Amino acid sequence: MADDGEFARLTDPYRSELLVHCYRMLGSLDEAEDLVQEVYLRAWRSFDRFEGRASLRTWLHRIATNVCLTGLGARRRRPLPSGLGAPGSDPEGPVGPARTEVEWLQPLPGRWADAADGGDPAAVVASRAGVRLALIAALQHLPARQRAVLILRDVLGWRAAEVAETLGTSTIAVKSMLQRAREQIERLAPEEDGVAEPDDPGVRALLDRYAAAFENADAAALADLLTRDATLEMPPFAAWFAGRDHVARFAAAHILGAPGDLRLFPVSANGRPAAASYMRSPDGVHRAHCVQVLTVADGRVAGIVAFLDPGLFPRFGLPAELPYEPPSAAVPGGPVPSGSAAVCTR
């Protein structure tokens, strides 16, 4: 049986990257955390049999991959709204009920990915590319073993022989699965050109203007920040909208309310800039409402995925509510704590 102290000392440094690995496989923060606990339990039980033929990191990732494959089983994929149907045509009309029966894709807090890459600049770039929302959503369309092959080969950079040993198959089978997986991903989530990183110097200025548009309830200012083909998705609602005009009209009709109703705070998620939105309640307190993940391209917002789930806020290190401020004290676009993005249906 493994010595608890020695096991923890050797394996704890890999916990963050195993969480991210399980998130890539599952598209779920909740399930990733649960399965990483199972990974560590299995590793602890078999640690005495670890022979060192592969690195400890590789050994743990092998366990994690197989735990995820078992966990996936016959589960349905976790979608985004754009994966369920065509965009809406009536941005001022009713949104429809929330689809609570759907297990939606969840966003990955930037601090999870930051902890996993260890601060190495090259690892940061690779990590961000490997967790972009479009890729995670596209992975959901792949059979579980194809998903594992693509992640192990193209994200983690494993050799085909290592992947084959992990999955108990041949290198020929691995290469065949990888080819099919790459073709599917290229169709569903091609590489994006001109997409800005969260720490790009121009992104913070754009986010300040974006936050001010929401906080001032200024739909025209918001429209000025969007690309012509900008999209807006809002799980757990299946409705989504495409095009600058539709997104701005939807925001005016369903999101912005009155000046001061919303407060936004910048963070990062899935390797992209993001913002957390707090909505003013009737008692005047701003409470957690939703997290927006943004795609920024060519100096404008090209995509907004707003996760209307206040339960996400603790994962981003954010409070459930903000200290009460009299209306005159709230300064739209003023100093804010670290947060994520918000698109909010009222």
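In the hairpin of strands S4 and S5, where five residues lie between the strands, Gly284 adopts a positive phi near 90 degrees; strands here are DSSP runs (E, at least two residues), helices are DSSP runs too (H or I, at least four residues), and both are numbered from the N terminus. This is a predicted model, in which local features need pLDDT of at least 70 and side-chain atom pairs count only at pLDDT 80 or more, while totals for chains, interfaces and linings use all residues. Residues are numbered from 1 along each chain as its sequence is written, and side-chain values use heavy atoms, with hydrogens and water left out.

**Strand S5 and its partners**

- Strand S4 (residues 272-280) pairs with S5 in the antiparallel sense over seven bridges, where pairing requires that DSSP finds at least two bridges between two strands.
- Across this pairing, Met279 stands opposite Arg287 in S5.
- S5 is also joined by six bridges to strand S6 (residues 300-307), and these two strands run antiparallel, with Gly303 in S6 as the bridge partner of Thr295.
- The hairpin of S5 and S6 has two residues between the strands, and in it Asp298 takes a positive phi near 55 degrees.
- Because 10 of the 12 residues of S5 (residues 286-297) are buried, this strand is largely enclosed by the rest of the structure; buried means under 20% relative accessible area, exposed over 50%, and partly exposed in between, with a 1.4 Å probe and protein chains only.

**Helix H9**

- Helix H9 (residues 160-167) is likewise largely enclosed by the rest of the structure, because six of its eight residues are buried, namely Ala160, Glu162, Val163, Ala164, Thr166 and Leu167.
- These buried residues of H9 pack against helix H4 (56-72), helix H8 (144-155) and helix H10 (171-188), contact being taken as heavy atoms within 4.5 Å.
- After H9 comes Gly168, which has a positive phi near 65 degrees.

**His21 in helix H2**

- His21 is found in helix H2 (residues 15-26) and is buried, with a relative accessible area of 0%.
- Leaving aside neighbours within four places in sequence, His21 is in contact with His61, Ala64, Thr65, Ile151, Leu152 and Leu156.

**Cysteines**

- The structure holds zero disulfides, a disulfide being a pair of cysteine sulfur atoms within 2.5 Å.
- Cys22 is accordingly in no disulfide, and the nearest cysteine sulfur, that of Cys68, is 3.4 Å away.
- Cys22 counts as buried at 0% relative accessibility, and Cys290 is buried with a relative accessible area of 0%.
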